[in-house]
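Me: I am new to this structure and would like to learn how to read some of its features. Could we go through them one at a time?

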Amino acid sequence: MSKNDGNGKTASNANLKTLKKKKAMWAYIFLLPQIIVFFVFSAYPIVMSYVYSFYEWTGIGPLDDFVGLGNYQQLLTSPRFWNSAVVSIYYILGTTILGVGGALILAIILNDQKLNGKGFYRAIYFLPVVTTTAIVGIIMGNIFGINGFVNQILLHANLIDKPIPWLTDPFLAVIILIVIGSWKGLGINMVYWLAGLQSIPNELYESAQLDGAGFWSTLRHVTLPLLKPMAAVIILLSLVSGINAFDLVKTLTNGGPNFATETMDLFIYNFAFSSQLGGGQVRMGYASAAGVLLGLFTFVISMIFGAASFGKQIIKLRGSKRRKGGVNV
């Protein structure tokens, strides 16, 4: 190799390094706004909520009343907090069972090749998803009110003698909340299920038909087993979505009657921003402690369900990687 060739190769490598540095620099420049927004509106509030949880603070003025774990101790001995946790669990389980199960039935029906007007029906069932949740809560509050549309229909049909207190009876209010929350998320779960159903090869169904399998046998031995990975994702998304029910609960029942439908996120809001429903005063530190516990609750649910759903797959994947690396398992 001549000296000129060596100098040319060195210059080429230097240009390549300069080009890579410029690419990296522009990448960081384009990422910078997103990074700033993340730290200002996500990371900073999360970190400060942990800090606030150790203070008795109204949200205004300096942090000078350090109470340590006092807010957590009050929360863990508060019947109202535990009631909100139970209501949240009911809501999460109820909306997951009804929303995911109902959406699967709908998706199977609307995936039938012989069904006419599938696009219309899919649009109708998806419509609640794109409707603002607060608007849904207000409208449903009127429909299920004591003089609402539902009671009027039942009275005119002579099915009841007096209006049913759908939203003022503690038990019925929780049921209505779960039903409406399930209906609101039905469309998006249906779309997920349809995506899973349409990913199953038609050859499998044709083979099942040739073997004489009927609808239920095909559903049990072909469709449902192949939908398991999709089911795990849909259920996880539904569980996490059920934790954030604030807008629906706030507009539909506002936590009533007598906090019977107060979920954990509404509990946090009431103590952080409402002196009337927060025990007579705004307690940002107390609400922050509840928010920390809600975050831990979400994390634990996600980890438990993730381990239950994907644990075997992760173990298989790790085993496969070890075998490729020449390690006997």
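Reply: We can start with a single residue. This is a predicted model, and in it Phe267 has a relative accessible area of 1%, so Phe267 is buried.

Me: Is Tyr286 buried or exposed?

Reply: The cut-off for buried is under 20% relative accessible area. Tyr286 has 4% relative accessibility, so Tyr286 counts as buried.

Me: How are the rings of Phe267 and Tyr286 placed to each other?

Reply: For a ring pair, read the distance between centres and the angle between planes. Planes under 30 degrees apart count as stacked, over 60 as edge-to-face and the rest as tilted. The centres of Phe267 and Tyr286 are 6.2 Å apart and the planes are at 50°, so this pair is tilted. The pair links distant parts of the chain: Phe267 belongs to helix α12 (residues 264-273) and Tyr286 to helix α13 (residues 284-324), 19 residues apart.

Me: Which cluster do ring pairs form?

Reply: Ring pairs join Phe81, Trp82, Phe267, Phe271 and Tyr286 into a cluster. Tyr286 also has a charge over its ring: the charged end of Arg283 sits there, 4.2 Å from the ring centre. Likewise, the charged end of Arg80 sits over the ring of Phe259, 3.9 Å from the centre.

Me: How many aromatic pairs does the count come to?

Reply: The count comes to 15 aromatic pairs. One of them is Phe144 with Trp166, an edge-to-face pair with 5.9 Å from centre to centre and 80° between the planes. Phe144 lies in the loop between α5 and α6 (149-156), and Trp166 in the loop between α6 and α7, 22 residues apart. Both residues are buried.

Me: Which residues of helix α5 are buried?

Reply: An α-helix has 3.6 residues a turn, so residues three or four places apart point the same way. In helix α5 (residues 133-143) the buried residues are Thr133, Val136, Gly137, Met140 and Gly141. They cover an arc of only 135° around the axis, which puts them on the same side of α5. What covers these buried residues includes α7 (170-198) and α11 (246-252).

Me: Which residues does UniProt list as "transmembrane region"?

Reply: An unreviewed UniProt entry lists several spans under that name, including 25-47 and 89-111. In the model, residues 25-47 are 100% helix and 0% strand, with the end C-alpha atoms 29 Å apart. Residues 89-111 are 96% helix and 0% strand, and their end C-alpha atoms lie 32 Å apart.

Terms used
Residues numbered from 1 in each chain as written. Predicted model: local features only at pLDDT ≥ 70, side-chain atom pairs only at ≥ 80, totals over all residues. Heavy atoms only, no water. Buried < 20%, exposed > 50% of the residue type's maximum accessible area, 1.4 Å probe, protein only. Helix = DSSP H or I, 4+ residues; strand = E, 2+ residues; numbered from the N terminus. Arc of directions from axis to C-beta. Contact = heavy atoms within 4.5 Å. UniProt positions renumbered as here; feature names shortened; annotations may be inferred. Phe/Tyr/Trp six-rings, centres within 6.5 Å; stacked < 30°, edge-to-face > 60°. Lys NZ or Arg CZ within 6 Å of the ring centre and 35° of its normal.
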